[in-house]
Amino acid sequence: MASLTPEQKYDLITRNLQEVLGGDEIKKILAERDLKLYWGTAPTGRPHIGYFVPMSKIADFLAAGVEVKILLADLHAFLDNMKAPLELVHHRVKYYEALIKAILTSIGVPIEKLTFVVGSSFELSKEYTMDNFKLAACVTEHDAKKAGAEVVKQVASPLLSGLLYPGMQALDEQYLGVDTQFGGVDQRKIFVLAEKYLPQLGYAKRSHLMNPMVPGLAGAKMSSSDPDSKIDFLDDAKTVQKKIKKAFCEEGNITDNGLLSFIKSVYFPVKSLSTDKPQFVCPRPEKWGGDIVFNDYATLEKDFENKQLHPGDLKGGVIAALNELLDPIRKVFEDPELMKLNELAYPPPPAKEKKKKEKKKHGKPEGKENQATESKEAVPAAESK
C-alpha cells in the first residue's frame, strides 16, 4: 500500500505475532522496497479453524504491500511419516488451494496478488536436489531431529524422511526467492535451523515471523490428525455445536482454554479486518438478562476469570461466532465440483465387514440307548480341553 510509511508497514506486518526473528533486517528492506514472504502448508489432514490465524495475517501482509507466496508443500506431506499417501496428495493440493481461497475471500481479503506454488514444481529440480545433498552433508542428525520435533510426527521408530523435512523447508526460502518465512511458533526450531545452515551454503539468512498457536478444544495444540481437538471448515452447524459443548471450559480458567484462545487469536483479528469496532456476542435469553456484548477481548477475559461470565454463555457465543465465520465457506463448497474434490481428497474409510458368528452345531442322539452309551464311553467334543 503506497500510502503507508516503512514504519507503518512494519507495524502492520508484525502486529498480533508471537515472535519476530530478524526484525531489523525487515526494517532495512522496507526502507528500500516491499517485502517478499512465503507461508507454507503441507496438505495432510483436513484444515481446521486454526488456519484463520495465518489467513488474517496474510491479509495484513497484503495490506502492507508484501509479495506473498503460499507454498503447497506436497512432498513435505509425504515425508511427514507418510501422513498422506502420494496418490491422495495430488487431490489434497487442489483441495487446500480451493479452501484457502474460499477462506480469504470470506474475510474480505483480495487474492489476486497471491501466488500459489506447489512444492514438487521446484523441489525435484537438479539444482534443488544438489543443494539438498549439500545440506545433508553439513546438518547434524541431532539438529535435524531437534528442528522437526514439534512439526514432524513423532513415532517410536522414526523414518529418515522426517530428518529431510526441516532442511527442505529451509531450502524453500532460497528457491522461492523470499526475504522472510512466516509460520506458527511451532516452526521456530526449523526457522533457527534455516538461519544457521543456509549461510553455510552461501545463501542469505532470512527473517522469520511467527503467529501464536490456537489450542485445541481439549486444551492441547489443535491438530488436523485429532478430530476431537478441532473444528473443520466444512463441519456443519450441528457438528460445531456438538464439539463446542464437549469442549473443555473450566469456570474461571483462562490458561487452558481453547475457546478463549479462539476469540483472542481468531475472531477479534478476523472481524477487525472489516470493522474498527468488532464485537463478540454471547446469546442469552431475556429472562437471564439478555445478550452479553464484548467490544474487546481484554474485558471478556477479565469477566471470565472473575467468574462473571458462565462457561455455558461463553460456549453459546463461540458456537454463534464459528457458524458466522464458516457459513460463507460451506456455501462455496456446495459447488458440485468442489464436493467431488472433497471426496477425492478425503475418501470415506472403507466400511468394516461384520463377521458372521458361526452357530455351533450340537448333534442330537438318535435314541436313549445311544445317549446312555455315549455318556459312559466318551466326553462330548464341546467339553474336551
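Asp313 counts as buried in this predicted model, because its relative accessibility is 18% (buried means under 20% relative accessible area, exposed over 50%, partly exposed in between, with a 1.4 Å probe and protein chains only). The residue lies in helix α14. Helices (H or I, at least four residues) and strands (E, at least two) are DSSP runs, numbered from the N terminus. Leaving aside neighbours within four places in sequence, Asp313 is in contact with Cys282, Arg284 and Ile292 (contact means heavy atoms within 4.5 Å).

Residues are numbered from 1 along each chain as its sequence is written, and side-chain values use heavy atoms, with hydrogens and water left out. Since the model is predicted, local features need pLDDT of at least 70 and side-chain atom pairs count only at pLDDT 80 or more, while totals for chains, interfaces and linings use all residues.

The chain averages a pLDDT of 88, and 86% of the residues score at least 70 (pLDDT is the predictor's confidence in each residue, from 0 to 100). Over residues 371–385 the pLDDT is below 50. Beyond near neighbours in sequence, this stretch has 1 contact in the model. The secondary structure of the chain comes to 16 helices and 8 strands. Of the 385 residues, 47% count as buried. Among contacts with a separation of 6 or more, 75% link residues 24 or more positions apart.

An open sheet holds 6 strands in the order β1-β6-β5-β2-β3-β4, with mixed pairing. Two strands pair if DSSP finds at least two bridges between them. The edge strands are β1 (19–21) and β4 (115–118), and each pairs on one side only. Neighbouring strands are turned by 25 degrees against each other on average, direction ignored. Axes are lines fitted to C-alpha atoms, for helices over the stretch in contact, and angles run from 0 to 180 degrees between N-to-C directions.

Strands of a sheet pair through backbone hydrogen bonds, either parallel or antiparallel. Both senses occur around β6. With β1, strand β6 (residues 207–211) pairs in the antiparallel sense over 3 bridges. Val20 stands opposite Leu209 in β6. With β5, strand β6 runs parallel, joined by 5 bridges. Here Gly184 stands opposite Asn211. Strand β6 is mostly covered, with 5 of its 5 residues buried. Ser207, Leu209 and Asn211 point one way from β6, and His208 and Met210 point the other way. In a regular strand the side chains alternate between the two faces of the sheet.

Helix α10 (residues 188–197) packs on the sheet and touches β1, β5 (180–184) and β6. The direction of α10 makes about 180 degrees with that of β6. Ile190, Phe191, Leu193, Ala194, Glu195 and Tyr197 of α10 are buried. The cover over the buried residues of α10 includes β1, β5 and β6, together with α7 (126–136), α8 (141–147) and α9 (161–175).

Leu163 is placed in α9. This residue is partly exposed, with a relative accessible area of 26%. Leaving aside neighbours within four places in sequence, Leu163 is in contact with Glu141, Ala144 and Lys145. The C-alpha atoms of Leu163 and Gly148 are separated by 7.3 Å, and the two residues are 15 residues apart along the chain.

A further packing pair is formed by helix α5 (residues 86–106) and helix α15 (residues 336–345). Their axes are 8 Å apart, at an angle of about 140 degrees. The two helices are therefore oblique to each other (angles under 35 degrees count as roughly parallel, over 145 as roughly antiparallel, 65 to 115 as roughly perpendicular and the rest as oblique). The crossing is left-handed, a term used if the near helix is turned anticlockwise from the far one by less than a right angle, with right-handed used if clockwise. From α5, the contact is made by Leu88, His91, Arg92, Lys94, Tyr95 and Ala98. From α15, Leu338, Leu341, Asn342, Leu344 and Ala345 take part.

Two loop residues other than glycine have positive phi values. Phi of Asn16 is near 65 degrees. Asn16 lies in the loop between α1 (6–14) and β1. Phi of Lys307 is near 60 degrees. Lys307 sits in the loop between α13 (297–305) and α14 (311–332). Lys307 is exposed, with a relative accessible area of 53%.
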